[in-house]
Each structure stands twice: as structure tokens, then as C-alpha cells.
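Let's take a walk through this one together.

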Amino acid sequence: MIALTDSKIDTEAILSDVEDSASGAVVLFLGRVRDHSEGMQISAMDYEAYSDMAVAKLKAIQDETKFKWPVSRMVMVHRTGRLAVGEVSVAIAVACPHRKDAFEACRYAIDTIKKTVPIWKKEYTDGGESWVKGVIPTAETE
Amino acid sequence: MITLKFFGPLRELTKLDEVEIEIQENARVEDLVGLVGEQYPGIRDHLKVVSFSVGNEYAPKGTKLKDGDTVGLLPPISGG
């Protein structure tokens, strides 16, 4: 399952989605809004996505991850809109027969999201608001 | 005619989500930098580090544009 959502990410529902009796390992990664950035206090964060392309890129990452590791179930959800400190901005759950593969697959997925999925964030701090310095996207998954 | 889509700081500075523009025959993605910079001088600095998409794929600068393309002007990304 892949989704972009402007509603709170339901981690219990995600864990239910990766339920699979043949999988001995489930890794759940949650990215959350930190309360600080370069010495500044953060009060909120806006996430903006190029929705169609972001979903296509998330799908490509999922396909690639399943190609590289024996993944039985996988869920990737990214938030959009205004998030408060502590809220979950991205969730990835991977179920595999064994833990080594589950950890590696999940790590690959989040690292590749950061390099390829067209999403931008703006932070609100006590010093004002600013777009977070991003990375030039890489065209292909590795 | 192509559709240009703006995101993040580019959307904010131009106050536009998207705009339709005429392109020359055989125009390439890289030609948009000059064209857009002329029309929206406020985003010229951002255009130096922008990436492009055509449809849902990243597009190298040399990609030829065709009528009806949807082109994204993508600032450095910061998802996750």
C-alpha cells in the first residue's frame, strides 16, 4: 500500500496491513517532526508534494525494494499539509521472513524517498519561516 | 503549448501552481530556464538548482518538449 495523506498517519493500521504469518520480522520506520533545526525552535512544518509524481516515485521505490529483498508485505505513507512537532511525517513498514532483510529493505526505502520523491517542506521557527534546504533529486532508484 | 507546474518556493514566489506557455518547435527542457527566468525574475536564483520532470519522470535538460507536455519545475527535495 502506498499513500499520500493530509490526515494523521495511523501506525496501528499500517502494522495491521503488513500482517503476514510467514514473516518473522516487521520493521516500522517513522519519520517525525523534530522540535529544533540548526539551533532554532520549530513550531510546525508544512509538507508539499507533487502528488501524481510522488505516488509514482513511491511505487517505483516499493517495486525496487521488493525486487532486491524478499519482502512479503510493505506499506509507505507520507504526510502532506501542516504538521505539529512530534507528528509522523512518513511511515514505512516492511515485513520479511527474517530481520536482516527487513531492516535493510526499510533503510533502502527511506533513504531512496529522500533522494527521489518530489516533496518539499517548510519550517516555522521562532526566527520566521523558511523552505528546508533540500537535495537535488536523483532520477533513478539504485 | 505545455503546462508548467511550480512547487515549494517557486510556487510561493510566482504565486502560481501552474501556467500554460507556448514553446518553440524543438524546444528542450533547458530552454525553459531562460524563458521562465525572463517572465519571473524573482525565481532566477532558484532556477539555478531546479530539476525538471516531464509527466511523472525526472527529465534530463536535453529532453525535447512536445505539445501537451506537463513539465514540473522541481526545487531540491526535502521529503521524509
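Start with helix α2 of chain A, residues 51-68, which lies across β1 and β5 of chain A. Helix α2(A) runs at about 150° to β1(A). Keep in mind as you look that this is a predicted model.

What are those strands part of? In chain A, 4 strands form an open sheet in the order β1-β5-β7-β2, with mixed pairing. The edges are β1 (2-5) and β2 (25-32) of chain A, and each of these pairs on one side only. Neighbouring strands of the sheet are turned by 10° against each other on average, if you ignore direction. Zoom in on β1(A) and you'll find it running parallel to β5(A), residues 73-79, with 4 bridges joining the two. To see one of the partners, click on Ala3(A): its bridge partner in β5(A) is Val77(A).

There's another helix to pick out here. Helix α3 of chain A, residues 99-116, lies across β2, β5 and β7 (88-96) of chain A. Its direction makes an angle of about 145° with β7(A).

Now for the packing. In soluble globular proteins, nonpolar side chains tend to be buried together. The largest nonpolar core in this model has 50 residues. Which element gives the most to the core? That would be β7(A), with 7 residues.

On to chain B, which has 3 helices and 5 strands. Read from the N terminus, its elements run β-α-β-α-α-β-β-β. How does the overall size of chain B look? The C-alpha trace of chain B spans about 35 × 30 × 20 Å along its principal axes. Of its 80 residues, 30% count as buried. If you take the contacts in chain B between residues at least 6 apart in sequence, 57% of them join residues at least 24 apart.

Strand β3(B), residues 51-54, pairs with β5(B), residues 70-74, in the antiparallel sense over 4 bridges, and Ser53(B) has Gly72(B) as its bridge partner in β5(B). Strand β3(B) is also joined to β4(B), residues 57-58, by 2 bridges, again antiparallel. There, Val54(B) stands opposite Glu57(B). The hairpin of β3(B) and β4(B) has 2 residues between the strands, and Gly55(B) takes a positive phi near 65° in this hairpin.

Glycine isn't alone in that. Most residues other than glycine have a negative phi. Which residues go the other way here? Lys15(B) has a positive phi near 60°, and Asn26(B) has one near 65°. Lys15(B) lies in the loop between α1 and β2 (18-21) of chain B, while Asn26(B) is found in the loop between β2 and α2 (31-39) of chain B. Are they buried or exposed? Lys15(B) counts as exposed because it has 9 C-beta neighbours inside 10 Å, and Asn26(B) is exposed too, with 9 other C-beta atoms within 10 Å.

Compare Tyr40(B), found in the loop between α2 and α3 (44-47) of chain B. Tyr40(B) has 19 C-beta neighbours inside 10 Å, so it counts as partly exposed. Tyr40(B) and Leu10(B) are 30 residues apart in sequence, with their C-alpha atoms 9.6 Å apart in space.

Finally, bring both chains into view. Here 17 residues of chain B are in contact with 25 residues of chain A. On the chain B side, the elements that give two or more residues are α1 (8-14), β3 and β5. The residues on that side divide into 8 nonpolar, 8 polar and 1 charged.

How values were computed:
Residues numbered from 1 in each chain as written. Chains lettered and ligands numbered in written order. Predicted model: local features only at pLDDT ≥ 70, side-chain atom pairs only at ≥ 80, totals over all residues. Pairing = 2+ DSSP bridges. Axes fitted to C-alpha atoms, helices over the stretch in contact; angles between N-to-C directions. Contact = placed C-beta atoms within 7 Å. Nonpolar A, V, L, I, M, F, W, Y, C, P; charged D, E, K, R; others polar. Buried ≥ 20, exposed ≤ 12 C-beta atoms within 10 Å, placed from the backbone. Core = buried A, V, L, I, M, F, W, Y, C linked by C-beta atoms within 7 Å.
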